[in-house]
Amino acid sequence: MPAIALTVNGTPHGIDIDGRALLVDVLREGLGLTGTHVGCDTSQCGACTVHLDGRAVKACTVLAVQADGHEVLTIEGIGTAGALHPMQVAFREHHGLQCGFCTPGMIMAGLDIARRNGPSVGPEVVREELEGNLCRCTGYHNIVNAIMAGAQAMGGMQIVGGAPDADAPTVSAA
Amino acid sequence: MFPFDYHRPDSLDAARVLVAAGDDIKFLAGGQTLIPTLKQRLAAPGGLVDLAGIASLRGIAVGPGSVTIGAMTPHADVAEHAGLRAVLPALAGLAGLIGDPAVRNRGTLGGSLANNDPTADYPAACLAFDAVILTSGREIPAGLFFLGLFETALEPDEAIVAVRFPIPRRAAYEKFPNPASRYAMAGVMVAETADGVRVAVTGAGQSGVFRWEEAETALEAGFIVSALDGLQLPAEDMIADIHGSGAYRARLAWVMARRAVARLA
Ligand SMILES: Cc1cc2nc3c(=O)[nH]c(=O)nc-3n(C[C@H](O)[C@H](O)[C@H](O)COP(=O)(O)OP(=O)(O)OC[C@H]3O[C@@H](n4cnc5c(N)ncnc54)[C@H](O)[C@@H]3O)c2cc1C
Ligand code: FES
Ligand code: FES
């Protein structure tokens, strides 16, 4: 059993894993971080989206050994029940979820959209970039509104930590 | 998934030694094709040699006359690179049409070419721009690299290191994505190069990417949309599946070619 070093939500972990384990399984079963969901297990739905070294990835399509020595951010790492992240607040305000199954992946994808496109990202870009995240409930309309509002509320801040992100674009690409 | 050994060497030489050590050892790049294949047990390599630890395989160099992109450069980096967007926007734009953002954050140029999926996007750019595939042992012109469905000129222990794309005078890529998978139902790169017009079609052909020479000749005679009037790809050579017939794909490729020319003319 290989041992890997993973920093998850800022906390370093040393974990013994099966060499074949997927990142999503190590997060859910190894570390008990069950906020990251598995919808399809075939790289289509995006329910398993987490950030690896700051970029959105499908954790069902990353081997845990590939993440050895790297940093992972999951839905548990962005806010707490008492202090939600601005993107989470936006999903609540805009009714961006119904059953909630896709929501952790939608929020992590939304944060990646905000990181790359800045606070005034428009609806066309958000719709285009949600290509890899499926929702069986909402019809997407409110998710798109939530991501735009969340990006606006973040105002170019870093995803976690709050300080302004020096690399954040300030003008929308749309 | 069947069990495998995992290695992440930090040099190309070490990677080649590891891969040559057995006949069932494969390179791993972004894993966006290989990991799903392993999960379905369609492949059962004894070992994986992850190329992600080799820093020199990643990056984009914009030089006079050509652009060189490292094999491990993810699609997202190609799509977002300001220097590339300035000199060869058709290539950056093509990368931005691959899959979705999470796939683009992991999937790589080298992985896409080595896989040679008949519906992948990059092969069209390689053929249209007359790119050169730089491997661990040699330089392979794109025209000799793609050998049919999922087949390339690569030896089993040969790694793609980088791809050199000569910069065409102008080029445009038009893609009709499969609405579910985002792979191309038909994708056409039209390029005007120093050696003439080149038209490469992906997504449609039964043996993968190909050059549409009839369209090239027609466009050399006059670079206008109507030059393509009356041209028709042979339906029997096109992919026919649940997503569309051969005749549908032939027509789609023609429409994509017209749109690409319209963007340039
Ligand atoms: C949901 C989804 C949608 C997608 N949509 C598209 C699309 O629209 N268009 C498109 O073109 N592609 C699409 N893809 C495929 C994607 O672009 C893959 O990233 C790509 O085909 C493979 O690249 P990779 O880096 O992930 O390679 P891997 O999966 O790691 O490897 C693929 C193969 O190439 C070999 N290999 C990898 N790197 C090298 C190298 N440097 N030298 C030699 N051999 C190597 C491996 O051994 C393996 O056989 C999609 C994938 C997914 C999951
Ligand atoms: S569970 Fe990973 S993409 Fe659906
Ligand atoms: S809210 Fe139910 S799947 Fe999206």
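Guide: Buried area is the accessible area that two parts lose on being put together, summed over both. Keep in mind that this model is predicted.

Visitor: So what area is buried between chain A and chain B?

Guide: About 2,200 Å², with carbon and sulfur atoms giving 51% of that. On the chain A side, Arg20(A), Arg55(A) and Gln66(A) lose the most area to chain B, together 29% of what that side buries.

Visitor: How many residues of each chain are in contact?

Guide: Chain A brings 28 and chain B brings 31. They count because each has heavy atoms within 4.5 Å of the other chain.

Visitor: Why is the meeting of Glu131(A) and Arg182(B) called a salt bridge?

Guide: The cut-off is 4 Å from a side-chain nitrogen of Lys or Arg to a carboxyl oxygen of Asp or Glu. Here the N to O distance is 3.4 Å, so the pair of Glu131(A) and Arg182(B) qualifies.

Visitor: Which elements of chain A give two or more residues to the side that touches chain B?

Guide: Strand 4 (55–58), helix 3 (103–117) and helix 4 (123–129). Strand 4 has the largest share, four residues.

Visitor: And what makes up that side by residue class?

Guide: Nine nonpolar, eight polar and 11 charged residues. The charged ones are Asp, Glu, Lys or Arg, because that is how the class is drawn.

Visitor: Where do the domains of chain B fall?

Guide: The assignment gives domain 1 at 1–50 and domain 2 at 170–264. Their C-alpha centres lie 34 Å apart.

Conventions: Residues numbered from 1 in each chain as written. Chains lettered and ligands numbered in written order. Predicted model: local features only at pLDDT ≥ 70, side-chain atom pairs only at ≥ 80, totals over all residues. Heavy atoms only, no water. Buried area = accessible area lost by both parts, 1.4 Å probe. Domains from an automatic or database assignment.
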